Each structure stands twice: as C-alpha cells, then as structure tokens.
Amino acid sequence: MTTPSSAHPITISPANTHVRVIVGDEVIADTERALSLREASYPPVLYVPREDARMDLLTRTSHRTHCPFKGDASYFSIAAGDRVRENAVWTYEAPFAQVAQIAGHLAFYPDRVDAIEQS
C-alpha cells in the first residue's frame, strides 16, 4: 500500500451532477450520487453506486489489477445491445482506507461504453 501524498494526491468528492452511462440503447447506470475521484495528473473518474447501475447487464470476469494507492480492482463486462464490452467496468470492493468511499461503486472506461453523460 502506498499512501497518497502531495506528490500523488487523491481526492474524492461528490460529483454534484446527474450521470448516465449508456451502451447501445441501454442505460447501464443513472445516478445523482456519483463520486469524482481525482488522482495526481489523471483525468477525474466518476464512481457510480452499484444500486444505481444495471447489475443484471454486468458479468464479473476473472480480470484483476492492483493499484498501490487504491487496492485490488475487480472487473465486469457489459452485455447490452448487440455485443459484449469486455472488462468495461471496474470496482474496488475492499479499497484501502484512504479511499474507502469508493467501496460499493463502479467506474466505467469511457472508450468501452457509448456515452458517459453528465448534466
């Protein structure tokens, strides 16, 4: 575990926006409770509560990654429309204490979904 620092800051705050994730004709997630995670110089990532996502369209995969700042990530593929979007969603089910707020949330790769809308 590596602790966020001034050299690699991580902040989590309410996104304060309506977020919809769309694949094909399906709304995969729809929430006003998203969190925005800002990490170092990376673009902000929106984390959507699982309760606000269509978990029936997601299939857990065996893919895993590790972030020294956040912990172990698990992945889901999305089956919607006419194809499957492999490993399009990630989640930290037991994140490190410094980022515990993202537990129970999902993040979506923008290039693996058709749209992540904010309004």
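This is a predicted model: local features need pLDDT of at least 70, side-chain atom pairs count only at pLDDT 80 or more; totals for chains, interfaces and linings use all residues.
Visitor: Hi! Which residue stands opposite Asp72 in E7?
Guide: His66 stands opposite Asp72 in E7. Residues are numbered from 1 along each chain as its sequence is written, and side-chain values use heavy atoms, with hydrogens and water left out.

Visitor: How many bridges join E6 to E7?
Guide: There are 7 bridges between E6 (residues 58-67) and E7 (residues 71-80), and the two run antiparallel. Two strands count as paired if DSSP finds at least two bridges between them. E6 and E7 form a hairpin, with 3 residues between them.

Visitor: And what order do the strands of the sheet come in?
Guide: The open sheet has 7 strands in the order E1-E4-E5-E9-E8-E7-E6, with antiparallel pairing. E1 (10-14) and E6 stand at the edges with a single partner strand each, so one side of each has no neighbour in the sheet.

Visitor: New topic: how many aromatic pairs are there?
Guide: A search of the whole structure finds 2 aromatic pairs. Rings of Phe, Tyr and Trp (its six-membered ring) pair if their centres lie within 6.5 Å; planes under 30 degrees apart are stacked, over 60 edge-to-face, and the rest tilted. Tyr47 and Trp90 make an edge-to-face pair, 6.3 Å centre to centre with 90 degrees between the planes. Tyr47 is in strand E5 (residues 45-49) and Trp90 in strand E8, so this pair ties together parts 43 residues apart in sequence.

Visitor: Is Trp90 buried or exposed?
Guide: Trp90 is buried, at 11% relative accessible area. Buried means under 20%, exposed over 50%, and partly exposed in between (1.4 Å probe, protein chains only). Tyr47 is buried too, at 1%.

Visitor: What about the rings of Trp90 and Tyr109?
Guide: Their centres are 4.6 Å apart and their planes at 50 degrees, so the pair is tilted. Tyr109 lies in the loop between E9 and strand E10 (115-118), so its pair with Trp90 in E8 ties together parts 19 residues apart in sequence. Ring pairs link Tyr47, Trp90 and Tyr109 into a cluster.

Visitor: Which charged end sits over the ring of Tyr109?
Guide: That of Arg112, 4.3 Å from the ring centre. The rule asks for NZ of Lys or CZ of Arg within 6 Å of the ring centre and within 35 degrees of the ring normal. Tyr109 is partly exposed, at 24% relative accessible area.

Definitions and conventions
Helices (H or I, at least four residues) and strands (E, at least two) are DSSP runs, numbered from the N terminus.
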